[in-house]
Amino acid sequence: METHASIHALASLLTLSLMPCLWILSSFQSHLGTHFTFITSEFVLCSSISLLMLLLWFYRELGLVPCESLNHLWSSSECIKFDHRFSGMSEGLSRKSAESYASEGLQDALDSVEERIMRWDMATSESARLRFIWFDVPSEASSYLEAVDDLQNMIAKLNLTPDDRKDFACLDRAQNVLQQAMARLEEELRMLLEKHSESVDPDWLYDPISQPSFSSSNNDEKASHTSAEDEGDEEDLPVAQPVTDLNFTIDMLPSEVVADLNRIVKCMVGAGYMAECCHVYVTIRRMFLEESVFRLGFEKQSIEEVQKMEWDVLEVEISKWMQVMKVTVHVFFTSERKLCERVFLDLPSVAETCFVELARGVMVQLLNFAEAVVISRRSPEKLFKILDMYESLRDLLPEINSLFSGEDGFELRSEASTIWMRLAEAARGTFVEFENAIQRDSAKNPVPGGAVHPLTRYVMNYMRFACDYKETLEQVLGDDRCEDPRVFGGVTKCTGSLYPDNRKDSADDLSPWSIQTIWLMELLEGNLDAKSKLYKDPALSHLFLMNNGRYIVHKVKDTEIGSLLGNDWVRKHTAKVRQHHKNYQRTAWSKVLACLKDGGIHVSGTFSSGVCREVLKERFKSFNTLFEEIHKVQSTWTVADDQLQTELRISIAEMVIPAYRSFLGRFQQYLEHGKHPEKYIKYSPEDLETYINELFEGTSGSMSKRKYS
């Protein structure tokens with residue numbers, strides 16, 4: 001009994017001694033937090049089981065519990081389950097401890113990365129605000145990028161962790177640090193681009209042999225050379241001159257800088273900051289591109305400003321535009337595209353987007369200028385500059401389509417093609433205006449002396465210059481051959497008259513430019529016919545048509561116009577000139593020649609010689625008067641073509657002098673022995689030849705009367 005009492009007392013003592021331990025552990029739990037909650041609960045459970053087993057053993061020793069029952073309980077499945085539960089608790093304890101240690105390691109790693117990144121945080125560090133990594137401490141650039149890479153890896157691992165075990169506080173902290181790192185890299189990217197980007201110096205354009213150079217707007221040494229009075233003086237800006245070879249590109253940035261930019265770009269794009277990266281790159285490069293274009297002499301101008309320009313000013317601006325367009329597309333755009341591909345290496349879609357965005361402003365500005373020219377008031381003198389612009393843009397379109405080949409560049413490709421087609425439309429419209437100008441030229445006063453009309457000179461010189469654009473005009477007019485019947489309204493009739501009988505089919509083989517040229521000649525001839533009727537003297541009217549016809553034929557034969565009109569046209573209009581020549585002779589000299597005919601001079605049925613001296617005297621007086629009048633008038637008439645002038649004088653002399661000499665030989669004897677024969681026989685044949693050679697000089701004629709002897 002004493003033994004049983006002792007055992008019972010010992011069991012009570014163990015039970016009482018376990019209670020303070022449990023209280024102490026629960027107190028520790030409240031201070032240690034959630035990490036030790038599992039440990040405490042498992043310890044309490046294990047302690048309770050151990051105490052229960054110990055008490056059962058004591059009761060068995062006291063004989064309060066049968067041994068067989070206790071042994072059965074001890075070896076039963078329930079007991080085994082308790083043992084397994086204890087084992088599972090141990091394993092859970094080990095797993096939770098491992099996760100705790102892993103979390104502690106991640107925190108330590110994040111602390112380290114944060115420290116490396118935040119040292120360059122401009123918001124919290126004065127030193128970071130005053131220095132740049134890649135410029136002031138380039139040796140730390142790799143370390144900084146490695147820290148950012150480590151941070152991105154941590155964020156990736158945290159994002160892969162299931163939500164029930166994810167450490168959201170740690171993830172938020174890491175993402176905040178990454179945001180600060182991207183802000184820093186954005187500033188580093190901006191600094192590298194600003195420090196090393198330079199606008200192209202236009203001086204190399206003055207010498208095609210020299211290579212392009214750069215002139216940075218940030219270069220203080222160069223800026224110091226500019227005097228105070230020259231500052232802001234736009235007149236000193238050099239203007240681009242033509243260069244012979246534009247098939248080259250420029251290294252816009254040094255290779256080592258491109259490599260640094262590429263590393264920064266990859267880091268930012270990989271972190272999901274592509275938009276911020278592209279914005280910085282496009283903003284900086286676009287600024288220097290626009291400055292380079294401006295330094296070529298092309299300034300930003302609105303469509304309204306271009307339309308208000310006087311033609312002589314606009315003509316100069318168009319010449320600048322063509323040169324700037326060639327340099328910009330062939331050199332600047334090509335070089336910028338190459339730079340984008342190097343900076344955004346392995347990121348072709350990003351490179352395409354950035355290039356299109358940085359080039360868009362300049363391209364739109366250049367195309368807007370062409371658009372302003374297209375919609376400006378049309379006048380004939382603008383045709384050749386419009387054709388120059390058309391050719392320039394036509395030659396550049398393949399390069400433009402190649403540079404802006406992606407989806408992002410579709411709008412610019414489409415706009416360039418549209419402007420090109422609208423330039424063709426403007427050229428056709430200008431030609432229509434040229435036709436209208438010919439038809440509207442209805443001067444009320446005739447040209448003095450029957451000279452070549454200014455309209456004739458203008459049209460033929462215009463056509464001669466237009467022939468320099470033969471291939472282009474074939475292309476421009478060919479696109480519209482069947483669309484504007486007004487332009488080609490009279491061509492069918494005029495070409496049919498040119499190719500009678502078996503050659504009518506040849507009219508169908510004429511090119512658009514040939515048809516247009518024939519039509520313009522028809523318009524000019526019709527206008528000249530109307531102007532010839534302004535002359536009161538029919539002889540002068542024929543001389544006017546002869547002068548203008550001869551001028552037209554010579555211009556056609558001596559220029560490319562002849563190949564457009566053909567030999568048949570030349571032969572036909574040469575014959576027209578000869579006909580006007582004959583008509584002039586008939587109308588101008590028929591009365592003079594009538595004085596030298598025998599009719600009415602002979603008198604029959606008398607003892608005289610059969611010559612009526614009074615009639616003969618009147619004939620000589622009429623001849624002298626008419627000849628003097630013709631000399632006086634036609635000396636003021638003009639025949640500018642030396643060959644035509646000579647031909648006219650010879651033809652007149654051959655017509656008049658032989659007739660006069662014959663008449664003088666037959667009837668001179670009847671007057672020379674009478675009173676004052678010099679009153680009637682005033683000129684010798686030689687005198688007439690002299691006076692005839694004074695015709696068509698365009699000066700007032702005066703004749704010195706010479707007595708024939």
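Visitor: What does the accessible surface of the protein chain come to, and how much belongs to carbon and sulfur atoms?
Guide: About 37,300 Å², with 53% on carbon and sulfur atoms. Accessible areas come from the Shrake-Rupley method with a 1.4 Å probe; for residues, only the protein chains shown count as cover. This is a predicted model: local features need pLDDT of at least 70, side-chain atom pairs count only at pLDDT 80 or more, and totals for chains, interfaces and linings use all residues. Residues are numbered from 1 along each chain as its sequence is written, and side-chain values use heavy atoms, leaving out hydrogens and water.

Visitor: Why is Asp 149 called partly exposed?
Guide: Its relative accessible area is 38%. Buried means under 20%, exposed over 50%, and partly exposed in between (1.4 Å probe, protein chains only). Asp 149 therefore falls in the middle class. It sits in helix α7, residues 141-160. Its C-alpha atom is 7.6 Å from that of Cys 267, 118 residues apart along the chain.

Visitor: What share of the protein chain is buried?
Guide: Of 709 residues, 43%.

Visitor: What makes a run of residues a helix or a strand?
Guide: Helices are DSSP runs of H or I with at least four residues, and strands are E runs of at least two, numbered from the N terminus. The chain has 26 helices and two strands.

Visitor: How do you know that the span of α11 agrees with its length?
Guide: The expected span is 1.5 Å times one less than the number of residues. For the 22 residues of α11 (274-295) that gives 32 Å, and the end C-alpha atoms are 32 Å apart, so the two agree. After α11 comes Gly 297, with a positive phi near 110 degrees.

Visitor: Which residues of α11 are buried?
Guide: Among them are Cys 277, Tyr 281, Arg 285, Phe 288, Leu 289 and Ser 292.

Visitor: What makes a space a cavity?
Guide: On a 1 Å grid over the protein atoms alone, it is a set of points where a 1.4 Å probe fits but cannot get out. Lining residues have an atom within 4 Å of a point. One cavity here reaches 30 Å³ or more. The largest cavity has a volume of about 40 Å³.

Visitor: Which residues line the largest cavity?
Guide: Glu 198, Val 200, Met 252, Arg 285, Phe 288, Leu 289, Ser 292, Phe 332 and Glu 336. Helices α11 and α13 (311-343) each give two or more. The largest share, four residues, comes from α11.

Conventions. 1 Å grid on protein atoms, 1.4 Å probe; cavity = no way out; pocket = protein on both sides within 12 Å on 5 of 7 lines; lining within 4 Å. Points joined across faces, edges and corners; volume = space filled by probe spheres on them.
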